[in-house]
Amino acid sequence: MSAPHLFRLPKDADLLEALDAICREKGVTHATVSVIGALTRASLGFYLQDEHRYVSHEVDKPVEVLAGLGSVSLKEGLPFVHLHLTLSDATGAAFGGHAMPGCRIFAAEAVFQTAEGPEKHRVFDEATGLFLWG
């Protein structure tokens with residue numbers, strides 16, 4: 001997949017699960033991904049750097065996906081989507097964070113662009129407590 005590939009994501013699916021399914025089905029292991037659309041609810045993470053852990057912020061209302069930006073690499077041999085979201089609510093207020101499981105799709109479109117060069121593999125980084133590119 002050298003040119004950008006466009007996908008409509010299924011309504012009511014979990015956003016990360018839907019993106020992971022495309023990666024597995026299409027053999028995407030090394031790419032950038034962007035997402036736009038709307039969610040019926042969202043779960044956003046924020047990484048507490050001093051504690052080396054994520055906290056989740058649940059958004060139990062419809063939101064627009066202003067921008068979803070991320071990458072696809074390999075983690076433990078499987079495609080792994082790392083995605084950050086910028087969202088807005090009905091008032092126009094914007095907020096965002098790390099996409100967590102629990103983001104439910106109302107309507108969404110994704111674009112995958114294969115990256116050049118060798119595949120990236122995520123390995124545990126003790127200094128940050130995160131799985132980063134090795």
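1. A charge counts as sitting over a ring if NZ of Lys or CZ of Arg is within 6 Å of the ring centre and within 35 degrees of the ring normal. By that test, K75 lies over the face of F80, at 4.9 Å from the ring centre. The charged end of K75 also sits over the ring of F131, 4.3 Å from its centre.

2. A word on the ground rules, before going further. This is a predicted model, in which local features need pLDDT of at least 70 and side-chain atom pairs count only at pLDDT 80 or more, while totals for chains, interfaces and linings use all residues. Residues are numbered from 1 along each chain as its sequence is written, and side-chain values use heavy atoms, with hydrogens and water left out.

3. Back to the rings: the structure holds 3 aromatic pairs. The rings of F124 and F131 have their centres 5.5 Å apart and their planes at 65 degrees, so this pair is edge-to-face. For reference, rings of Phe, Tyr and Trp (its six-membered ring) pair if their centres lie within 6.5 Å; planes under 30 degrees apart are stacked, over 60 edge-to-face, and the rest tilted. F124 is partly exposed, with a relative accessible area of 48%, and F131 is partly exposed as well, at 33%. Here buried means under 20% relative accessible area, exposed over 50%, and partly exposed in between (1.4 Å probe, protein chains only).

4. The largest nonpolar core has 29 residues, and L9, L15, L19, L39, L83, L85 and F112 touch the most other members. Two or more residues each come from β1 (5-9), α1 (15-26), β2 (31-48), β4 (63-75), β5 (78-88) and β7 (104-114). Such a core is a set of buried Ala, Val, Leu, Ile, Met, Phe, Trp, Tyr and Cys residues joined through side-chain atoms within 4.5 Å. Helices (H or I, at least four residues) and strands (E, at least two) are DSSP runs, numbered from the N terminus.

5. L9 belongs to strand β1 and, at 3% relative accessibility, counts as buried. Leaving aside neighbours within four places in sequence, L9 is in contact (heavy atoms within 4.5 Å) with L15, A18, L19, I22, I105, A108 and A110.

6. L15, L16, A18, L19, I22 and C23 are buried in α1. Seen down the axis of α1, the buried residues fall within an arc of 165 degrees, so they line one face of the helix. The arc is that of the directions from the helix axis to the C-beta atoms. These buried residues pack against β1, β2, β4, β5, β6 (94-99) and β7. On the other side of α1, E17, R24 and E25 are exposed.

7. D12, in the loop between β1 and α1, has a phi near 75 degrees, a positive value in a residue other than glycine; D12 is partly exposed at 47% relative accessibility. E76, in the loop between β4 and β5, has a positive phi of about 55 degrees although it is not a glycine. At 71% relative accessibility, E76 counts as exposed.
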